[in-house]
Amino acid sequence: LKSEVSCNNLQVLKELLKLTREKSLVFCFDGDLAGKKAAWRVLENMLPLMQDGIKIDFMFLPDGEDPDSLIKKGGKSLFQEYRQQALPFSAFLMYEL
């Protein structure tokens with residue numbers, strides 16, 4: 001993992017994104033209904049910030065897991081497996097419509 005930030009406040013997240021040099025972002029969510037709703041809120045808030053060259057993916061963990069518990073259970077390799085299954089911004093948008 002190159003770098004990670006945990007942020008529950010969307011306004012703070014927007015400001016962080018304006019400052020970051022990263023062009024590829026992965027948002028990680030619990031796989032339950034609350035996680036899906038949170039992902040949709042992020043998508044709605046990211047739409048105005050989208051521009052060429054920025055890649056955003058949505059990663060969903062199994063129900064009952066969070067990043068910490070998943071890494072403790074299976075290490076970085078298990079987390080990376082879920083990372084590989086992350087949905088691109090446009091795929092998540094179309095899937096949820």
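Asp57 is found in strand 2 of this predicted model. Is Asp57 buried or exposed? Its relative accessibility is 2%, under the 20% cut-off, and therefore Asp57 counts as buried. As for its polar partner, the side chain of Asp57 is joined to the side chain of Lys55 by a polar contact of 2.5 Å. Leaving aside residues up to four places away in sequence, Asp57 touches Leu25, Val26 and Phe27, and also Arg83, Ala86, Leu87, Pro88 and Phe89.

Glu65 lies in a loop, the one that runs between strand 2, residues 55–60, and helix 3, residues 67–84. Although Glu65 is in a loop, it counts as buried because its relative accessibility is 11%. Which side chain does the side chain of Glu65 meet in a polar contact? The partner is Ser69, at 2.6 Å. With residues up to four places away in sequence again set aside, Glu65 touches Asp30, Leu70 and Lys73.

Finally, a word on confidence. The protein chain has a mean pLDDT of 82, and 79% of its residues reach 70 or more. Among its elements, strand 3, residues 87–88, has the highest mean pLDDT, at 94. Two residues that Asp57 touches, Leu87 and Pro88, carry those numbers. The lowest mean, 67, belongs to helix 1, residues 10–19. Where pLDDT is low, the predicted coordinates should not be read in detail.

Notes:
Residues are numbered from 1 along each chain as its sequence is written. This is a predicted model: local features need pLDDT of at least 70, side-chain atom pairs count only at pLDDT 80 or more; totals for chains, interfaces and linings use all residues. Side-chain values use heavy atoms; hydrogens and water are left out. Helices (H or I, at least four residues) and strands (E, at least two) are DSSP runs, numbered from the N terminus. Buried means under 20% relative accessible area, exposed over 50%, partly exposed in between (1.4 Å probe, protein chains only). A polar contact is a pair of N or O atoms within 3.5 Å; within protein, one must be able to donate a hydrogen and the other to accept it, and residues adjacent in sequence count only if both atoms are side-chain atoms. Contact means heavy atoms within 4.5 Å. pLDDT is the predictor's confidence in each residue, from 0 to 100.
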